[in-house]
Each structure stands twice: as C-alpha cells, then as structure tokens.
There are 2 protein chains.
Amino acid sequence: MVKMIATIHEMRKIIENEKQRGKTIGFVPTMGYLHEGHISLVKRAKAENDVVVVSIFVNPTQFGVNEDYDVYPRDLKRDKELSEAGGAEYIFHPTVEEMYPNGYQTYVEVFGITDKLCGASRPGHFKGVTTVVNKLFQIVSPNKAYFGLKDAQQVAVIQKMVKDLNMNVEIVPCPIIRESDGLAMSSRNVNLTPTDRQAALVLSRSLFNAKSLIEAGTRDAVELFGVIEDNIEEETSIKVDYIKIVDFETLEEVKEIKGKVLIALAAKVGKVRLIDNIIMEA
Amino acid sequence: MVKMIATIHEMRKIIENEKQRGKTIGFVPTMGYLHEGHISLVKRAKAENDVVVVSIFVNPTQFGVNEDYDVYPRDLKRDKELSEAGGAEYIFHPTVEEMYPNGYQTYVEVFGITDKLCGASRPGHFKGVTTVVNKLFQIVSPNKAYFGLKDAQQVAVIQKMVKDLNMNVEIVPCPIIRESDGLAMSSRNVNLTPTDRQAALVLSRSLFNAKSLIEAGTRDAVELFGVIEDNIEEETSIKVDYIKIVDFETLEEVKEIKGKVLIALAAKVGKVRLIDNIIMEA
C-alpha cells in the first residue's frame with residue numbers, strides 16, 4: 001500500500017528512518033497525471049533501489065504567466081493507484097505553500113544550456129525546474145533519480161546542476177515511452193482535441209523519418225531539418241516553436257550528425273504545447 | 001593529526017565512511033588565514049560533533065573584479081596547525097579548478113535580503129557565497145555548520161538558503177571574537193598598516209557607544225546612527241560604506257530599537273574594507 005506524504009517534515013523523517021535501516025532510495029519526481037512513461041520510471045526505480053518515492057507536484061515556478069499551469073491535468077487518486085501498481089512505497093505530494101512558503105526567495109539556476117531550445121521559448125522555465133528538483137533532492141535525498149528523455153533538455157540541465165553543485169545523487173535518464181501510433185506520452189496529451197491528437201502524430205513521424213534517413217547514411221543537418229519541417233508543415237493546424245539538431249551535451253547546433261546528437265522539436269498543436277525528440281549516435 | 005584533503009571525491013568518501021560509522025559531522029567553512037574567531041568555531045564544532053571538517057577555500061566567485069581576491073592573505077601551513085590545535089580532523093582545501101571546473105554554470109541565489117548592506121556595495125558577492133556554501137554542504141554533508149556573526153548578513157543569507165532549499169543542516173551562528181582593544185577579528189586585519197590598524201578601532205568603539213546608549217534607554221535609530229557616524233568621522237582616514245540599523249531577520253531598516261536589531265557598518269580603512277556589528281535586543 002503506497003503511503004501518501006504531504007509535509008516535508010514527515011517525508012524527511014521517513015527517509016531518515018529508511019536510510020538508518022540501510023535502504024537505498026529511488027526517486028521519481030513528477031507533476032502527476034501519470035502515464036506509462038512515468039510508470040516505466042517507477043518500475044526501473046523499483047528494480048534498482050529498495051524504496052521508491054514518487055513526488056507529485058505541479059510546480060508553479062516552472063510555468064510562465066501565459067502557460068498552462070491552471071489547466072495542467074491533475075488526478076491524485078489515479079496517480080496513487082498507478083504508483084502503487086508500479087511498486088512505489090511513498091507518494092510525496094506537498095502543497096504549493098509547503099514548497100514555497102510566504103517570503104520564499106531562493107533559486108538555483110543553470111546558465112548556458114538553459115537559454116536554448118525550450119529555454120529560449122520559456123524564459124524562467126528551467127530556473128523553476130532546477131529550483132524545485134534541488135529542493136526535492138534535499139527532502140528525499142535519493143541515491144538515484146529517474147527522468148524521462150522526452151524532456152531531454154531537462155535531463156541535460158539537471159545533470160549539469162547535479163555535477164556543478166556536487167550533489168550526491170545519480171541521475172538515470174530513461175527512454176521515451178510512446179503510444180502505439182508513435183505519439184510521445186505526455187500528461188498534456190489529454191488536453192488535445194481528437195482532431196489535434198491525430199494531427200500531432202506528424203511530430204513523431206517527422207522524427208522517425210529523420211531517423212531512417214540517418215540510418216541510411218544522411219549526415220547533413222540542414223537536409224534533415226528540411227525533411228522534418230516539410231513533414232510538419234503538412235499539418236497546417238500545427239505551429240512549430242522550434243526544430244533543433246544539437247550536440248546532446250552542449251545543446252549547441254551541429255552541421256552534421258556526428259557523435260551523440262539530439263533532434264528536438266516543440267510545437268503548438270491547438271492550445272497544447274508538445275515536445276518530442278530522438279537521440280542519434282553516428 | 002589533521003588530515004589534508006584536496007579533492008571532492010576523497011572528501012566525500014571520508015564523509016561516507018564516517019557516517020557509516022555513525023559519526024556526526026561539524027563543519028566550519030572558511031577562506032583560511034585563520035584567527036581566534038575561526039578557532040572558536042572549530043572548538044564549538046568539536047564540542048557538538050564527533051568529527052570536525054574545516055574547509056579552506058578563497059572563493060573567487062564572491063569577490064568583485066576590483067576587490068581583494070589577489071591580496072587576500074593565505075597561509076595553509078599555519079591554518080593546518082591552528083585547525084589541529086582547535087580539534088579538527090580534516091581540512092578540505094580544494095583548488096579553484098576542483099570547485100569550478102571548466103564550463104561551470106550553476107549558481108544558487110537568495111533574493112531580497114542580499115540587496116541590502118554589504119550586498120548593495122558588493123553586487124554578486126552573496127550569490128558567490130551561497131553557491132560555494134551550497135556546494136560545500138553537498139560535499140561535506142554536515143549535521144551542523146558554524147558561522148561567525150561578524151558576517152551577520154552572511155549568516156542571515158545562508159540561513160535563508162538552507163530554509164528555502166530544505167537543506168538538512170543546522171546553521172549555528174557564533175559570537176564575534178575581538179582583539180583586546182575591541183577590533184573585530186578578521187583575516188583582512190593583517191593587510192592594515194599600523195596607523196590604519198589604530199584608526200580602525202573607532203569602528204568597534206562607535207558600536208560600543210551605541211550599545212551603551214541603548215542599554216541606558218535610547219531607542220531612536222536616527223539618534224544612534226548620528227552617534228556612530230559622528231564617532232567615525234573623527235577618523236578622517238576612514239571612508240564609511242554604510243551604517244545601518246536593521247531588523248535582524250528581514251534586514252529592513254528600523255526607526256526604533258525594538259525586537260532583535262542588527263547595527264552593522266562597513267568602511268574602507270586605508271585599502272582594507274572592514275565590517276563590524278552588534279546585535280541588540282530590546
């Protein structure tokens with residue numbers, strides 16, 4: 001039976017107790033409305049640690065003023081069932097006031113790689129992410145923390161924070177989980193209309209096309225960019241935010257596919273902003 | 001025999017080992033060139049913990065471009081002897097490259113209270129302080145960390161960081177240690193000429209005068225400010241940076257002495273910037 005924890009104090013006491021008993025802690029930080037992608041993280045955490053903590057916290061500081069904080073889907077009851085089925089022992093679900101009490105004033109910021117891709121479109125987003133993940137790591141003090149690669153830039157930013165601040169936690173990046181038709185799983189998918197849901201398939205399809213071309217020998221980034229862009233333009237209801245072909249570590253744009261490369265895109269499908277990516281090595 | 005540790009990796013391994021043996025860790029972060037003030041922190045840490053770690057690191061990110069990073073005094077051999085005499089088990093003295101490797105990009109910043117007092121005169125100073133102290137806390141993971149109240153604002157800023165980021169460490173503020181003639185101990189005092197050293201005494205004297213007046217019933221902040229300012233103006237070689245009478249928690253200026261009040265000043269004595277303060281409760 002998964003145990004629900006609402007306060008930092010109680011969470012910390014539980015962790016201290018588990019650690020005293022020699023248990024290792026696997027941590028899956030989420031914003032809730034869990035899908036198979038999240039559950040794959042929970043299962044992996046369970047396989048690699050004694051105790052699994054899932055946090056469910058829709059973090060206001062990582063949303064811009066005109067973004068979808070208010071309509072971000074929430075369903076704690078369902079999240080509880082799914083976490084339990086995945087093997088989690090604890091769900092940490094603090095209130096906003098618990099995490100950011102009156103007079104809160106401290107932020108953790110990674111510079112450089114946060115200006116690119118989603119960071120360029122969502123100023124302040126990654127500052128909110130690094131701050132809340134830093135806080136959650138202090139509260140849960142996990143041995144390992146699991147993040148999905150759908151948010152590839154988020155993984156890179158958190159790995160950079162952990163390295164720079166000498167945090168004693170191993171970040172485990174986990175593969176994107178997709179619907180059977182290719183759409184990358186996202187809590188935001190539930191906000192798509194049926195028509196938009198169908199149109200959104202072009203995002204993953206364009207990436208798969210790029211993947212096939214790379215596997216067939218294409219190395220030219222401009223050519224690949226053109227293919228992805230042409231693909232997505234077929235869906236006139238989709239407004240591309242960015243399509244980027246970048247080095248996976250620096251997130252700097254590359255001219256050719258060489259080493260570990262991230263091909264990432266973001267687009268507005270109806271009212272919903274979706275992201276997707278593939279990582280290629282050549 | 002105090003053990004010298006230069007790498008983060010080795011420091012972390014030692015701490016892990018000590019913690020596995022059930023030992024508590026007391027931590028005294030310093031910039032070295034230790035004086036009796038620092039040693040009072042080491043002794044207190046030793047009295048309250050099993051193992052004491054002193055860090056010695058002149059942190060470049062907390063110095064402004066025209067400040068005294070290059071001439072900040074350094075003497076690791078003497079620091080070693082003093083730390084050992086105080087009861088420390090370990091000295092952590094990393095290089096700048098060890099703490100800020102090439103490509104370093106992450107900063108921890110407390111807003112609000114860092115704009116005032118020394119923060120107003122030294123933009124970026126407290127961002128450097130909170131970043132390095134955050135890193136040191138991750139590396140040493142102390143149960144308790146000891147800071148001198150000469151840097152009263154620093155204590156307030158670090159307490160705020162620890163609270164906001166839910167860091168699992170107790171901050172222990174410790175009283176100012178003074179020379180027999182009243183001068184607050186500071187590693188920077190060694191850079192004073194004999195004449196400036198003499199002139200500098202007016203700083204503590206002005207604060208003691210204010211203290212006497214408060215003890216005799218004076219509550220008006222403007223009156224106390226005038227007394228301190230008049231005192232210091234007697235020494236024409238001293239250039240006051242600020243004299244502030246503020247609430248100890250918010251660092252907001254107060255009109256009367258009520259509750260816990262910090263009377264703090266900073267002044268340039270010759271080429272050396274000195275700070276001093278008293279904390280009063282009324």
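Biologist: How many bridges join β1(B) to strand β4 of chain B?
Modeller: There are 3 bridges, and β1(B) and β4 (residues 90–92) run parallel. Strands are DSSP runs of E, at least two residues, and helices are runs of H or I, at least four residues, numbered from the N terminus. Two strands pair if DSSP finds at least two bridges between them.

Biologist: And which residue of β4(B) is the bridge partner of B:M4?
Modeller: That is B:I91.

Biologist: Before we go on, what am I looking at?
Modeller: This is a predicted model: local features need pLDDT of at least 70, side-chain atom pairs count only at pLDDT 80 or more, and totals for chains, interfaces and linings use all residues. Residues are numbered from 1 along each chain as its sequence is written, chains are lettered from A and ligands numbered from 1 in the order written, and side-chain values use heavy atoms, leaving out hydrogens and water.

Biologist: What is the strand order in that open sheet of chain B?
Modeller: The order is β1-β4-β3-β2-β6-β7, with parallel pairing across 6 strands. β1 (3–5) and β7 (170–174) of chain B each have a single partner strand, so one side of each lacks a neighbour in the sheet.

Biologist: Which strands does helix α6 of chain B touch?
Modeller: Helix α6 (residues 125–140) packs on the sheet and touches β2, β3, β4, β6 and β7 of chain B. Contact means heavy atoms within 4.5 Å.

Biologist: Switching to chain A. At what angle do the axes of α6 and α7 cross?
Modeller: Roughly 55°, and the axes come within 10 Å. Axes are lines fitted to C-alpha atoms, for helices over the stretch in contact, and angles run from 0 to 180 degrees between N-to-C directions. α6(A) and α7(A) are therefore oblique to each other. Under 35 degrees counts as roughly parallel, over 145 as roughly antiparallel, 65 to 115 as roughly perpendicular, and the rest as oblique.

Biologist: Which residues of α6(A) make the contact?
Modeller: A:F126, A:V129, A:T130, A:V133, A:N134 and A:F137. On the α7(A) side, they include A:V157 and A:M161.

Biologist: What about the open sheet of 3 strands in chain A: parallel or antiparallel?
Modeller: Antiparallel, in the order β8-β9-β10. A:V269 has A:V272 as its bridge partner.

Biologist: Last one. How far apart do the C-alpha centres of domain 1 and domain 2 of chain A lie?
Modeller: They lie 26 Å apart. The bounds, 3–174 and 187–277, come from an automatic or database domain assignment.
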